[in-house]
Amino acid sequence: MRRAFGEEIRTVGPAVGHPAGERATCDHGGMSLPEHAPASKRAIWEAARRLFAENGYARTSVREIASEAAVDPALVIRHFGSKEELFMETMEVQVAAAAFEGPLETLGERFIAFILDDDADIRGIYLALMRASDSGGIWTHLRAAHEEGFVRPFRTRIAASPAHAADADTRARMAASVVGGLLYSLWIVRDEGLAHVERETLIRRYGALLQAAITG
């Protein structure tokens, strides 16, 4: 069974805290800067995204980012304001709209399979956000990312079903907590027993838990 279950950001719309159209989508599917952004700003953004995901917030300095981007450290602050603002700008967790498509009655297993099969840096970004969550501003950002990346799209799908619309928000929050619990176990505490469960078994059993939250 693969241990790293996802590495590419998939987007469903503008990132948390940024108006629509402010940023373009980069080649690997994640959020990037506008096409007209200065080359120095783009280099800083890409260096910060890579270093934060690899080393975390606390172990990444402005000087290291500047060195990786081959720019003066003053440019980092000029373009992004602060290290914390740069972190929140680059560390966005969003899931593809495609993950929420298809019949609601079978969404549980499909969504778990999507999360396990996704092959981008969502894992690195999720870990970086969790490790930096003791900072007030970043904690707020992480909570907003959870709301926009999981709760809102689940709620939208569930609310479209007349049979489940009345308590769509509660169902969506329960569904998001199921997914969050899986990611926490696999990526934060690195539960060895869970990591070695057969992929299809994990999809079937966790999919059933998620489905119960959605339509149960």
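Reply: Start with ring pairs. Two rings of Phe, Tyr or Trp pair if their centres lie within 6.5 Å. In this predicted model, ring pairs link Phe100, Phe111, Phe150 and Phe154 into a cluster.

Me: How many aromatic pairs does a search of the whole structure find?

Reply: The search finds 7 aromatic pairs. One of them joins Phe100 and Phe111.

Me: Why is the pair of Phe100 and Phe154 called edge-to-face?

Reply: The planes stand at 85°, and the label needs over 60 degrees. The centres are 5.0 Å apart, within the 6.5 Å limit for a pair. So the pair is edge-to-face. Phe154 sits in helix 7, 54 residues from Phe100.

Me: How do you know whether Phe100, Phe111 and Phe154 are buried or exposed?

Reply: Buried means under 20% relative accessible area. Phe100 is at 4%, so it counts as buried. Phe111 has 0%, so it is buried. Phe154 has 0% too, so it counts as buried.

Me: What is Phe154 in contact with, leaving aside its neighbours within four places in sequence?

Reply: Its contacts include Phe100, Phe111, Ala172, Val179, Leu210 and Ile214.

Me: Which residues have the most contacts inside the largest nonpolar core?

Reply: They are Phe111, Phe154, Leu210 and Ile214, in a core of 34 residues. Helix 8 gives the largest share, 10 residues. Apart from this core lies another, of 26 residues, including Ile44, Trp45, Phe52 and Ala132.

Me: Why is Ile65 called buried?

Reply: Its relative accessible area is 0%, and the cut-off is under 20%. So Ile65 is buried. Ile65 is found in helix 2 (residues 62-69). Beyond its sequence neighbours within four places, Ile65 is in contact with Ile44, Ala47, Ala48, Leu51, Phe52, Thr60, Val76 and Leu86. The C-alpha atoms of Ile65 and Ala47 are 5.8 Å apart, across 18 residues of chain.

Me: What makes the charged end of Lys83 sit over the ring of Tyr57?

Reply: The charged end of Lys83 is 4.3 Å from the ring centre. The limit is 6 Å, with a further condition of 35 degrees from the ring normal. The charged end of Lys41 likewise sits over the ring of Phe80, 5.4 Å from its centre.

Me: How do you know that the reach of helix 10 is close to the one expected?

Reply: Helix 10 has 17 residues and reaches 23 Å from its first C-alpha to its last. At 1.5 Å a residue, 24 Å is expected. The buried residues of helix 10 include Tyr206, Leu210, Gln211 and Ile214.

Me: Why does Leu33 count as buried?

Reply: Leu33 has 2% relative accessibility, and the cut-off is under 20%. So Leu33 counts as buried. Leu33 lies in the segment before helix 1 (39-55). Leu33 and Glu89 are 56 residues apart in sequence, yet 9.7 Å apart in space, C-alpha to C-alpha.

Notes: Residues are numbered from 1 along each chain as its sequence is written. This is a predicted model: local features need pLDDT of at least 70, side-chain atom pairs count only at pLDDT 80 or more; totals for chains, interfaces and linings use all residues. Side-chain values use heavy atoms; hydrogens and water are left out. A nonpolar core is a set of buried Ala, Val, Leu, Ile, Met, Phe, Trp, Tyr and Cys residues joined through side-chain atoms within 4.5 Å. Buried means under 20% relative accessible area, exposed over 50%, partly exposed in between (1.4 Å probe, protein chains only). Helices (H or I, at least four residues) and strands (E, at least two) are DSSP runs, numbered from the N terminus. Contact means heavy atoms within 4.5 Å. Rings of Phe, Tyr and Trp (its six-membered ring) pair if their centres lie within 6.5 Å; planes under 30 degrees apart count as stacked, over 60 as edge-to-face and the rest as tilted. The expected span of a helix is 1.5 Å times one less than its number of residues.
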